[in-house]
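This briefing covers selected features of one protein model, grouped by topic. The sequence and structure come first, and the notes follow.

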Amino acid sequence: NLDAMAGAGIRFTDAHSPSAVCSPTRYALLTGTYAWRGALKNSVLWAWDGPLIAEGTQTLPGMLKEAGYDTACIGKWHLGHSRKKYYPLNKGFSHFYGHLNGAIDYFSLEREGELDWHNDWESSKDKGYSTDLIANHAVNCIKEYSKEDNPFFIYVAFNAPHTPLQAKDEDLKLYGFDPSKPRFGKGDKTGRGNNQQQTFAAMVTCMDRGIGEIIKALKETEEFDNTIFLFFSDNGADVGSSGELRGRKFLEFEGGVRAPALLSWPAQLKGGRTINQVTGFVDVMPTLLDILNIQSKAEFDGLSMLPVLSGKTETIDRNFYLGMGAVVSNEWKFIEKGHNENMKMESDMLFKIDEDPFERNNLISLHK
């Protein structure tokens, strides 16, 4: 389903998360600003942490709600949960269904031994595999909202394929799972296949199937053509693969911050295109507000990508902050030594990123 959408829509080859982990990326999506402006810098939000989005911060769902949109957050929140005032319903969403923490169990829907599944303010006793529950609820919301006069904004945040790696047996069997052979790992092996890669592939397949159901619902309700459909990954690969890109999750190399991304809006934007423009989550809010002609007094770190999407300009010259002392432009990428202890760098790094996307040739000695 995602491959089909990428072929029919607009595919971004140079899209980035403004960090190599998820919580700062989600902050950027919902505020249009980098996470260092909030309470978090370059890490995820832990179960015992306070809020990430400060009170009074303008959010994308909040502005859309003021403009008459129904706004729903379905799936993973991970932006504050120790007090109800940090919940999605107090950050601009009119409906929330899903989990507040990251890394929940896909089957028990628990984190740290406690149920973390909610429907608005109350705990939900729904049973099932979390990816299916998220997709099914999104479909139901589309069908419900399509009957109303108001436009709608649905933020569908699948926890898949984040750890813990857990998949349904029927999906594992698509990738050669043999129940007579051992499941990988120690301790509770619920949902684990014969190895990590098999389980990861099965999880992605289930998510893709759910996305297909969402697309189907948009088409059946005749909302698809005039829906801005955006798919994005919040960081680079962990168990999966980033191909030839260097590094992975937690690292500011491209394998940790360059993310798969596609957009579809058949009614207004020509599909079947590839855009090679440095962009990312921080650009989503200013771009959508520009499209909808909604004015904001907030100052954004992101830029509207509408001129590039509409074809009025080929590229926008800009510097995109990646966290941990790293910045990328359409041509160059700089990473400062010492900001990320996981990088194990011997010096600052500078890459001609448009010619060297795999970051093989450090040119810092030529440009000191």
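In this predicted model, helix α8 spans residues 284-292, and its buried residues are Val-284, Met-285, Pro-286, Thr-287, Leu-288 and Leu-289. These buried residues pack against helices α2, α3 (60-66) and α9 (306-309), and against strands β10 (229-232) and β13 (279-280). Just after α8, Asn-293 has a positive phi of about 55°.

**The five-stranded sheet**

- Five strands form an open sheet with mixed pairing, in the order β8-β7-β4-β3-β9.
- The edges are β8 (122-123) and β9 (152-157); each has a single partner strand, so one side of each lacks a neighbour in the sheet.
- Strands of a sheet pair through backbone hydrogen bonds, in either a parallel or an antiparallel way.
- Strand β4 (residues 95-99) and strand β7 (residues 118-119) run antiparallel and are joined by two bridges.
- Tyr-97 has Asn-119 of β7 as its bridge partner.

**Helices lying across the sheet**

- Helix α2 (residues 22-31) lies across β3 (70-76) and β9, and runs at about 175° to β9.
- α2 is also among the elements that the buried residues of α8 pack against.
- Helix α4 lies across β3, β4, β7 and β9, and its direction is at about 175° to β9.

**The α4 and α6 pair**

- The axes of α4 (residues 130-145) and α6 (residues 196-220) come within 9 Å and cross at roughly 5°.
- Angles under 35 degrees count as roughly parallel, and α4 and α6 are therefore roughly parallel to each other.
- On the α4 side, the residues that meet α6 are Thr-131, Asp-132, Ala-135, Ala-138, Val-139, Ile-142 and Lys-143.
- On the α6 side, the residues that meet α4 are Cys-206, Met-207, Gly-210, Glu-213, Ile-214, Ala-217, Leu-218 and Glu-220.
- The contact of α4 with α6 has nine nonpolar, two polar and four charged residues.
- An α-helix has 3.6 residues a turn, so residues three or four places apart point the same way.

**Glu-359**

- Glu-359 is in the segment after β17 (349-351).
- Is Glu-359 buried or exposed? Its relative accessible area is 1%, so Glu-359 is buried.
- A polar atom of the Glu-359 side chain lies 2.7 Å from the backbone nitrogen of Glu-254.
- Leaving aside residues up to four places away in sequence, Glu-359 touches Arg-246, Phe-253, Glu-254, Lys-333, Ile-335, Phe-351 and Ile-353.

Technical notes
Residues are numbered from 1 along each chain as its sequence is written. This is a predicted model: local features need pLDDT of at least 70, side-chain atom pairs count only at pLDDT 80 or more; totals for chains, interfaces and linings use all residues. Side-chain values use heavy atoms; hydrogens and water are left out. Axes are lines fitted to C-alpha atoms, for helices over the stretch in contact, and angles run from 0 to 180 degrees between N-to-C directions. Helices (H or I, at least four residues) and strands (E, at least two) are DSSP runs, numbered from the N terminus. Angles under 35 degrees count as roughly parallel, over 145 as roughly antiparallel, 65 to 115 as roughly perpendicular and the rest as oblique. Contact means heavy atoms within 4.5 Å. Ala, Val, Leu, Ile, Met, Phe, Trp, Tyr, Cys and Pro count as nonpolar, Asp, Glu, Lys and Arg as charged, and the others, Gly among them, as polar. Two strands pair if DSSP finds at least two bridges between them. Buried means under 20% relative accessible area, exposed over 50%, partly exposed in between (1.4 Å probe, protein chains only). A polar contact is a pair of N or O atoms within 3.5 Å; within protein, one must be able to donate a hydrogen and the other to accept it, and residues adjacent in sequence count only if both atoms are side-chain atoms.
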